[in-house]
Amino acid sequence: MKHLSSRGRKRRPIWPLYVLAGIAVVLAVLALIKTVDVLDIFGDKATEPTVAASTAPTAPITQPPDEARLRAELLAECRALVDGYFYEEAISALSTMPYKNAETDALLQEARGLKDGLVLYEDEQLYHIFFHSLVIDNAKAFDGDQRAQGYNEYMTTRYEFERMLPLLLEGGFVLYDIKEMVEFTDGVAARKEIRLPPGKKPLVISIDDVCYYDYMETDGFASRLDVDADGNVVTIVKDDDGTERATYDGDVMPILDAFVREHPEFSWRGYKGIVAVTGYQGAYGYRITDLDQFDAETGKKMQDKVLEISNALRATGWDVACHSYTHNQYWTKGTISEEQFNKYEKRWDEEMAPYLGEVSIFISPNGAYANLGKNHWAIRRLVESGYVIYCPVGSGMQTSYQGDFMLQDRMNLDGLNLVLYPERVKKFFFDPSLVVDPDRPPF
Ligand SMILES: [Zn+2]
């Protein structure tokens, strides 16, 4: 299995680098303009009045015309850095920029104050919620067929997810990188120090089975993912007449991306969450593990697309996780055989891993763990293969460190907990009656 080592290789979202690169470019341009400016000052002063006289400006030009615009651009970039908790980066850019003024000084002071105001998050409770791909057409999902009840229990609708986000933001939650919740010393896992603004609580969001399985095709879900011209992950939705549209509200990922763009304070340094895939019907809606059903060119295109989507996810703050290859009950029962493990590990390694990038998180199928335990040979095999973060299901969202891996339970914010066990949700997050979709059939 493709992996990272238990030494805990860290990977930050890449977009901050783009922001920094952008700032570097702006600074370079500013520096260049300033250099030219300086050269002019020491240049042929005699020509200046002539030029000024010929164009006859009534007010003297006291600054290069682009100075205000460039400062405004840099200020806006630094404002975004500060709002998204990139304090060091903002401080560095603001203290080295040319054309400082009272406004840039104020933002610099604000960034320094916020950085100094970060506090150690000491509460034992970390938060991890999970979803499946969102129901985006309720009439199709809850149409009374044999799958409707399952969707009612295990799925969340777009209506509900969109209503939860402001409540989570108001509740002080901030999306936090699960990989930054653990560190390894000589291979031993322990909680890594978390520093946040006072009152903020670290939240992980994961989405299971982002495969858009065949059985869901006519049930009101997106069909697959894709990437737009700006590098954002989009959902492809099929209309009844078969035409496909790219949308930004067809699943958790683009909705959360847009929400964080609007509310950068909801994401700690650009982190979003975890997209978990199985393998038996490929990934993100592309059947890359059934290549015998396609011609070679189509197969290659699908593999390229899965890789492109994985890269776009990672570049926009997402992780990709393994949700097992088979999603079989032998995980839950703890009866998986070595033969089964080996067979599907091989398929994952050969047919999935090359298109997903580095994967260190295992999201167990059906929340499997209780019948396995940390010493089960299958868990040992996973950890040794680099899956040093293991996430089953448990509404207490307990996190523990099991020797050489981190174990973190997740709470399902689906029909079961929102409707049947609302107190579980209320205890940590919000009153589910504020978000429950009126289209849900009765349980
Ligand atoms: Zn699943």
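**Notebook: buried spots, a core and helix pairs**

I started at D209, which counts as buried because it has 20 C-beta neighbours inside 10 Å. My cut-offs are 20 or more other C-beta atoms within 10 Å for buried, 12 or fewer for exposed and anything in between for partly exposed, with C-beta atoms placed from the backbone. I am working on a predicted model, where local features need pLDDT of at least 70, side-chain atom pairs count only at pLDDT 80 or more, and totals for chains, interfaces and linings use all residues. Numbering runs from 1 along each chain as its sequence is written.

I looked up the backbone of D209 and found phi near 55°, a positive value in a residue that is not glycine. D209 sits in the loop between β7 (201–208) and β8 (224–227). My strands (E, at least two residues) and helices (H or I, at least four) are DSSP runs numbered from the N terminus. Y284 also has a positive phi, about 55°, without being a glycine. I placed Y284 in the loop between β11 (273–277) and α10 (296–315). Y284 counts as buried because it has 29 C-beta neighbours inside 10 Å.

**Whole protein.** I noted 15 helices and 17 strands. Of the 443 residues, 38% are buried. I also checked contacts (C-beta atoms, placed from the backbone, within 7 Å). Among those between residues at least 6 apart in sequence, 71% join residues at least 24 apart.

**Core.** Which residues have the most contacts inside the largest nonpolar core? I get A90, V275, A283, A321, I361 and I389, in a core of 107 residues. Each of domain 1 (15–117) and domain 2 (120–434) gives this core at least three residues; the domain bounds come from an automatic or database assignment. A nonpolar core here means buried Ala, Val, Leu, Ile, Met, Phe, Trp, Tyr and Cys joined through C-beta atoms within 7 Å. I then followed I361: beyond four places in sequence, its contacts are I178, I274, D319, A321, Y387, I389 and C391.

**Helix α9.** In α9 (residues 252–262) I found V252, M253, P254, L256, D257, F259 and V260 buried. Their cover includes β2 (127–132), α8 (158–170), β7, β9 (233–238), β11 and β12 (318–322).

**Helix pairs on α5.** The axes of α3 (residues 67–83) and α5 (residues 102–116) come within 11 Å and cross at roughly 15°. I therefore logged α3 as roughly parallel to α5. Residues R71, L75, C78, R79 and V82 of α3 meet E103, T104, L107, E110, A111 and L114 of α5. Next I took α4 (residues 87–96), whose axis comes within 9 Å of that of α5 and crosses at roughly 150°. α4 and α5 are therefore roughly antiparallel. My angle classes are under 35 degrees for roughly parallel, over 145 for roughly antiparallel, 65 to 115 for roughly perpendicular and the rest oblique. The axes are lines fitted to C-alpha atoms, over the stretch in contact for helices, with angles from 0 to 180 degrees between N-to-C directions. From α4, Y87, A90, I91, L94 and S95 meet T104, L107, L108, A111, R112, L114 and K115 in α5.

**An exposed strand residue.** Is V188 buried or exposed? V188 has 11 C-beta neighbours inside 10 Å and therefore counts as exposed. V188 belongs to strand β5 (residues 188–191). Beyond four places in sequence, I found V188 in contact with G403 and D404. V188 and G403 are 215 residues apart in sequence, but 5.4 Å apart in space, C-alpha to C-alpha.

Terms used. Two residues are in contact if their C-beta atoms, placed from the backbone, lie within 7 Å.
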